[in-house]
Amino acid sequence: MMKKISHYIEKFKKGLLINRLMKIYSLLIILFFGMLSVILAIFIYINDTQIAMNELDIRVSEMAEDVTNKNIETSRIMEMLFFEGENYQNMMNYMTQTKTEYFSDILDTWHQGQRIDFASEQLKSMLYTYPDVSSIDIVVNDLNYFLRADERQPYGQRIEGNPVFRNKAYLVRSIKNPDSGQVIGTLYVNFKPNRKENNLEHDEVYSTIVAEKSGRILSQNIAKGNPLLSNIVKQDDANGLAEQVIKERYFYRYIEDSNMYSVVLLAKHNFYLSMAKKIGSFILMNLSISLALLILLKKVFIRYSKNVNNINQEIHAVIAGDWQARIDTKGMELELLEISEAINQMLEYINQSFDEIYTLEIKQRDAHMRALQSQINPHFLYNTLEYIRMYAVSCEQDELADVVYAFAALLRNNINQEKTTTLKKELDFCEKYAFLYQIRYPDRIAYHVTIEKDCQDIVIPKFIIQPLVENYFVHGIDYTRINNVISIKSFSKDNQVIILIRDNGSGIPPEKLTEIQQNLQCDQEMRQESIGLKNIYLRLQNYFNNQVSFDITSKEKCGTGIEIKIPKEVIKR
């Protein structure tokens, strides 16, 4: 089992990430709609059960109310016709006498000063008073006929035999002699089916029973698909209702009223079948929606995956060395289109760079070859200068020997390809440079170079101080004077190394000095004569992490001073 799970996990990890996402999203959709179906099924069960129970309560209450009303009407009819002795005797005379005899007795009663209504009028009045009564049947023992009053014969009609009822919705009362209490007959009050009962006859869900406790069913409606209800009513049971049978097969509600009861039943089989159909329809709808989403998701992801595979294949082709490979952007959209176009542009740029690098490499090889060829001339020049210096020494021309030595040293330093030097070497180079100018103008130029011992090994970019000295000899010196002086000092102070270059030359005009100072702090291009200063400033800042202070002070006709301050924590040795 674990091996199968591991196999599925490894299989899941293979392939593109987009395919894994599609599987994850598909699983999430299935889980979501599965959980939604379960939640809906639970909700439908709870809701439908509650609705069914409420409906049972409503229906049984309505039925009980209707039965109560019929009982009351029946009791009132019984009271009006037979409760008092005069009414009882009046109705018995109407039942047993001929019409002539009955009318003669009524007239005699009227002559005696007693007021009594015709029994026929009383029957008619009962039918009009209670319009839901369809007929009133009076049966007297030992008579072979009964009296019926209905809509066709509201005054009553004698009918041979016993009453037969098409509708079972009738109530019965025993007729007793008011004097002796002996039962002498039976009163049947037959009721019309009301609108609710008509509706119940067509009910396909709920079954209803109205019955006496003796077992006689007054009315019943059997819902479609329900089993017969005959085994629910017990003919000889004191309670009249087989509750055990009901509990097994039905949800039910019932109400007892004197000697009658009303029952509303809902077959569990039909209820659960209806609920299953409803839940099934929701599940089928969820399955349809989830299937549609899965199909749509698959189409989107297959298209997306195809584009990603296309990008992946072209990238692998480039890795394999095919630098002419390009991604086909046809059919791509949004981020994949942007990525593909960016990759294609990058490949174009790389190919162009390859061409430029190849061309530059050829040029570098040519330059290297020329450099190798030119190395012959410097060596020849060094040897020649050394021969001249030694010859001057042998001829006791020490000054000439010093000039040749200084010039050779300058030449070697210029040709050397090193990018950095020590502060001592840089100042020695500046000193030889000033010496050559002094030899040329022996009575007009003086220089002074000093460096503290702990500053000698500091590493700085090459050609940082020499261009500043050169600026003095090119732009600041006045060769008509005999007191031209330049001073170069390096010393430590307040945890900083300070390089100070001062001269007494012509100085810089204030407006130009301001321009130079502003240009050193911004990215604008400087004029040609200031490019050297900007280059020195940028090289110092780049080498010492933008922590160098570079200050220029000048006064016209009085000279210029440049002070460079380097924090010791950024100094390299």
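So, pLDDT is the predictor's confidence in each residue, running from 0 to 100. For this protein chain the mean pLDDT is 79, and 81% of the residues reach 70 or more. Quick housekeeping: this is a predicted model, so local features need pLDDT of at least 70 and side-chain atom pairs count only at pLDDT 80 or more, while totals for chains, interfaces and linings use all residues. Numbering runs from 1 along each chain as its sequence is written, and side-chain values use heavy atoms, leaving out hydrogens and water.

Where does pLDDT stay under 50? One place is residues 233–240, where the model has 19 contacts beyond four places in sequence; a contact is heavy atoms within 4.5 Å. Residues 526–530 are also below 50, with 8 contacts in the model beyond near neighbours in sequence.

Okay, cores. A nonpolar core here is a set of buried Ala, Val, Leu, Ile, Met, Phe, Trp, Tyr and Cys residues joined through side-chain atoms within 4.5 Å. Buried is under 20% relative accessible area, exposed is over 50%, and partly exposed is in between, with a 1.4 Å probe and protein chains only. The largest core has 46 residues, and Ile 77, Phe 82 and Leu 187 are among those with the most contacts inside it. Helix α2, residues 17–83, gives the most to this core, with 12 residues. Helices are DSSP runs of H or I, at least four residues, and strands are runs of E, at least two, numbered from the N terminus. Leaving out residues up to four places away in sequence, Leu 187 touches, among others, Ile 77, Phe 82, Ile 136 and Arg 173.

Staying in α2, that helix also holds Asp 48. Is Asp 48 buried or exposed? Buried, because its relative accessible area is 13%. Its side chain makes a 3.0 Å polar contact with that of Lys 278, meaning a pair of N or O atoms within 3.5 Å; within protein, one must be able to donate a hydrogen and the other to accept it, and residues adjacent in sequence count only if both atoms are side-chain atoms. Beyond four places in sequence, Asp 48 touches Phe 271 and Met 275 as well as Lys 278.

Phe 463, not a glycine, has a positive phi of about 60°. Phe 463 sits in the loop between β12 and α13, and counts as partly exposed because its relative accessibility is 23%. Asn 546 has a positive phi too, near 60°. That one is in the loop between α15 and β15, and at 63% relative accessibility Asn 546 counts as exposed.
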